[in-house]
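Take a look at the structure below.

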Amino acid sequence: MTERHRAVPFSLLAGVLLALTVAVALFSLAIGRFPVPVERVARILLSALFSTEASWPPQETSVVLLIRLPRVLGSLLAGGGLALAGAALQGVFRNPLVGPQIIGVSSGAGFGGAVAILFFDGLFAVIPLAFVFGLLAMVAVWSLGSGEREESLLSLVLGGVVISAFFTALTSLGQYVADPYNKLPAIVMWLMGSFASSSWERLLFAAPVICCAGTLLHLIRFRINVLSLGQEEAESLGMNVRRNRWLVLACTTLITAATVALAGIVGWVGLVVPHMARMLVGSDHRKLLPVSALLGASYLILMDDIARGLTAAEIPIGILTALAGAPLFAFLLKKRQRKGGAWM
Amino acid sequence: MYRMLGNRLRVVGTGLCALFLVCFLMSPGDGAQTVVTDQAGREVVIEGPVKRIVTIPIPAASMVLAIDGSSERLVGMNPLSKTAIEGEILSEFFPEALRIRSDIVQGEGFQPNVESLMSLAPDIVFQWGNFGDNLYIPLLDAGMKVALFKYGTQEYLEGWIETFGAILGKQEKAATILDWHRKTREQLTRRSEAIPDSEKPRTLYFLRFLANYQVAGKNTHNDVSIVLSGGKNVAAEEIDGFAAVNEEQILLWDPEVILLNGFERDLTPEHVYANERLRGVSAVKNRRVYKLPLGGYRWDPPNQETPLMWMWMSSVLHPGRDRFDLPGEMEKAYTLLYGKTLSRAQYEHILGMERNRGSAHYEALFGRAQ
């Protein structure tokens, strides 16, 4: 942590970011293909709270309350959740290159989602299957990377590549055998990521999972600090490293699985956003986790605004986050190299 | 080229078209050589009578069954051709068609397994010509005869029918079918030209609805059909080809009539009516959402029954105007195409009377009173 980080009191920074997130969410409710005047949006929101008489076309109410609101909340939760999960994973793995996508959780969860679409109708199977396969992928990566006592960075990333490739191949197999008219479109949409089918129903499935697992991660943020010191140091401080690691991993996998159920695979958020947060508050997870979550939420809401509002056709959000995330990550990488500094 | 020819031919008449598009030669003496020019402009020469045909483009299988009036010569097809036969009218007309091999292609693609294809010993394989040459080069390398089709316009479709007529030795039947296609098209063109613009309903066709909302913009067969049937395709201005859109965009377009694809098996108008986010759309408020029929093939893409689809569509777009006698037209068409008569139950199954029952005018347009 540098002096610069101490210059601004954390509570002030957190307050500003929270206000920013709320502002971005409200602003996004006024954005979209269907024109609804801003003051009308405000009145529609107020009328939903106080059930006043509506003096505007019913389409505008359904645009704001049934289409935009669940979608904005969905991208808020998914963005916040993924960034939080990414920050926690980077702490536990002591590795800045880690994100739900890099260590195979996204591919595993995506495959679970594809299996759920192939064999079941409706949403109920998506979260459990995405969770099981996401966890399976993470365990596999973990065991590949933990030949030595301290997990080495390289073998972890390579393990992630291997497991990701394997689950991606399984998903492709699923696409290959899927009924092209009745199952395949859903799987394809899943893999590209999209909030287009957000609804209150979908949100009801995913939101409790993301909120609970996210809150739990937030509550144990101090332990993530200890874990990020390394196994020996953490043990010497009297921590049960194994149990706490698994707790963090289970929470991050749950969050990833729930976002997969919400919007399919949305990459790069969990990898890039924690780095932006680290530039703001340093690597103390007590600050890093909430700041990552708030930044991630705003980031994904804005990305989804582009996805749904820019053209008549929907742009899959996975494409946008990758297009924005990869160069951003490359920039951060270069910047760190120039500084010759460590990541954490 | 085909469009240009098509325009010219409509002026000159329909009699000479076969000479331009397909040339069918009986060489003197042996009487057993077939020569056709396919839609990639390649000359395909087949020695001896054509007994074994494989079709890879999806609507092609049912066209061969229709023009040949039998399933004897079709030995292989796309599995998605078969799903349009299973449980549908063609499985009642040609029950043996269900036994035709369909495992040469898998999934959504059109890349056949060359050796599986060879094991069928086809005299000719019909394949797409405009989705990359890797779809047919391996077949040519393996020594198979391949005729290439192109997709998109009514002129291409007419070319398919002529080619099948030539290959199957059913030129007369093919010419009669083509004549029916052209006459219906001319009739509908005149009819829709007479409808004032303000009375053409805003129409939206969904290629997919359940997983995401894919709609047909300009340069699609569906766009052509909507215009021909006297509607306005709301997606034509902003969408080229097919694209996924969101609910806000649908609300913005506010279609008066929604047409649902025949591909998604379980999709019915009820899915649209039940979507509370689309409640404000005119087509939903007035219950004018219709699922496209599935007859000898799904009626959405170009196929042998396309004129019936136009008649159906012009009826649902303009229920108040003079309309075609669809039951009568279907009876004539099915006699011409398949040599079969439709029972009342078959007719109702094809038109999806049950699925569309909750939609406005449907019973009055096509129900028993008709």
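**From chain to residue**

Chain B is built from 17 helices and twelve strands. The model is predicted, and every value here is computed from it.

Start with the overall form. The C-alpha trace of chain B spans about 65 × 45 × 40 Å along its principal axes. Chain B has a radius of gyration of 21 Å, which agrees with the value near 21 Å for a compact globule of 370 residues. Of those 370 residues, 49% count as buried. Now take the contacts in chain B between residues at least 6 apart in sequence. Of these, 61% join residues at least 24 apart.

Next come the domains. Chain B is assigned domain 1 (2–171) and domain 2 (200–366). Their C-alpha centres lie 27 Å apart. Where they touch, domain 1 of chain B supplies 15 residues and domain 2 of chain B supplies 18 residues. Which elements give two or more residues to the domain 1 side of this contact in chain B? They are helix H3 (60–68), helix H5 (89–93) and helix H8 (154–168) of chain B. H5(B) gives the most to that side, with four residues.

The largest nonpolar core holds 203 residues. Ala88(A), Ala130(A), Ala258(A) and Val215(B) touch the most other members. Helix H4 (residues 58–92) of chain A gives the most to this core, with 17 residues. Why does the core lie between the two domains of chain B? Domain 1 (2–171) and domain 2 (200–366) of chain B both give residues to the core, so it lies between them. Look at Ala88(A) on its own. Leaving out residues up to four places away in sequence, Ala88(A) touches Leu217(A), Ile224(A), Val248(A), Thr252(A) and Leu289(A).

Back in chain B, find the open sheet of four strands. Its order is E4-E3-E5-E6, and the pairing is parallel. Strand E4 (74–77) and strand E6 (146–149) of chain B are the edge strands, each pairing on one side only. On average, neighbouring strands in this sheet are turned by 20° against each other, direction ignored. In general, strands of a sheet pair through backbone hydrogen bonds. Strand E5 (residues 124–128) of chain B pairs with E6(B) in the parallel sense, over four bridges.

Zoom in on Phe126(B), which is found in strand E5 of chain B. Across the pairing, Phe126(B) stands opposite Ala147(B) in E6(B). Is Phe126(B) buried or exposed? Phe126(B) counts as buried because it has 26 C-beta neighbours inside 10 Å, and the cut-off for buried is 20 or more. Apart from residues up to four places away in sequence, Phe126(B) touches Thr55(B), Ile56(B), Pro57(B), Ala60(B), Ala147(B) and Phe149(B). Phe126(B) and Ser343(B) are 217 residues apart in sequence and 33 Å apart in space, C-alpha to C-alpha.

Finish with Val224(B), found in helix H10 (residues 221–228) of chain B. Val224(B) has 19 C-beta neighbours inside 10 Å, so it counts as partly exposed. From Val224(B) to Val281(B) there are 57 residues in sequence and 23 Å in space, C-alpha to C-alpha.

How values were computed: Residues are numbered from 1 along each chain as its sequence is written. Chains are lettered from A and ligands numbered from 1 in the order in which they are written. This is a predicted model: local features need pLDDT of at least 70, side-chain atom pairs count only at pLDDT 80 or more; totals for chains, interfaces and linings use all residues. Two strands pair if DSSP finds at least two bridges between them. Axes are lines fitted to C-alpha atoms, for helices over the stretch in contact, and angles run from 0 to 180 degrees between N-to-C directions. A nonpolar core is a set of buried Ala, Val, Leu, Ile, Met, Phe, Trp, Tyr and Cys residues joined through C-beta atoms within 7 Å. A residue is buried if 20 or more other C-beta atoms lie within 10 Å of its own, exposed if 12 or fewer, and partly exposed in between; C-beta atoms are placed from the backbone. Domain bounds come from an automatic or database domain assignment. Two residues are in contact if their C-beta atoms, placed from the backbone, lie within 7 Å. The radius of gyration is taken over C-alpha atoms; the globule rule is 2.2 Å times the number of residues to the power 0.38.
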